Amino acid sequence: MATFRRSSRREQHCRYLKRTIDFARRQEVNRAVPCFGALLLVRNQVLMQTASTPGSETAPPIHAEAQLLSNVRRTIPNHVLAKAIVYCSDEPCVLCASEIVRSPIRHVVYGRPAAPFVGGESILRAKQAHIRVEGPFIEVQQY
Ligand SMILES: [Zn+2]
């Protein structure tokens, strides 16, 4: 009898993180300005993917997580978001982390650390935030 190894949770996270990074890369207009991505997973279904926009002289930059939160607020009920996983290509910044804490989302997986810049991981991991945080994942750092 053939045996099939179920993919581990870690492998699943890396698969979705790579998908998040791929999506962001495809949105890059100018390679000098890297894009960051976010993905919303609910019960193993990808409901939304966003990428950062670098901004211009007339428009401010928009972070992938902020874009995702703005989109889901209008379209996905809170009880669904409470069961979702948000995948972030990179450690969310302080502002996005604060937005996530204020949202119904309670599970965040991120790929690459923000260092040497200051990221928002400590905000997400604060005990009172009640968010499950997984990351960084070394497997996707050189991806
Ligand atoms: Zn941000």
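Strands β1 and β2 form a hairpin with 2 residues between them, and R43 in the turn has a positive phi of about 45°. Strands here are DSSP runs (E, at least two residues) and helices are DSSP runs (H or I, at least four residues), numbered from the N terminus. The model is predicted: local features need pLDDT of at least 70, side-chain atom pairs count only at pLDDT 80 or more, and totals for chains, interfaces and linings use all residues. Residues are numbered from 1 along each chain as its sequence is written.

Two strands pair if DSSP finds at least two bridges between them. The table lists pairings with an example of facing residues.

| Strands | Sense | Bridges | Facing residues |
|---|---|---|---|
| β1 (37-42) and β2 (45-51) | antiparallel | 6 bridges | L40 and M48 |
| β4 (107-112) and β5 | parallel | 3 bridges | V109 and E134 |

The open sheet has 5 strands in the order β2-β1-β3-β4-β5, with mixed pairing. Its edge strands, β2 and β5 (132-134), each pair on one side only. Neighbouring strands are turned by 20° against each other on average, direction ignored. In β1, 5 of the 6 residues are buried (20 or more other C-beta atoms within 10 Å of the residue's own, with C-beta atoms placed from the backbone).

Helix α1 (residues 9-27) lies across β1, β2, β3, β4 and β5, at about 135° to β1. Helix α2 (residues 64-75) lies across β1, β2 and β3, at about 130° to β2. Angles run from 0 to 180 degrees between N-to-C directions, with axes fitted to C-alpha atoms, for helices over the stretch in contact; contact requires C-beta atoms, placed from the backbone, within 7 Å.

Technical notes:
Buried ≥ 20, exposed ≤ 12 C-beta atoms within 10 Å, placed from the backbone. Contact = placed C-beta atoms within 7 Å.
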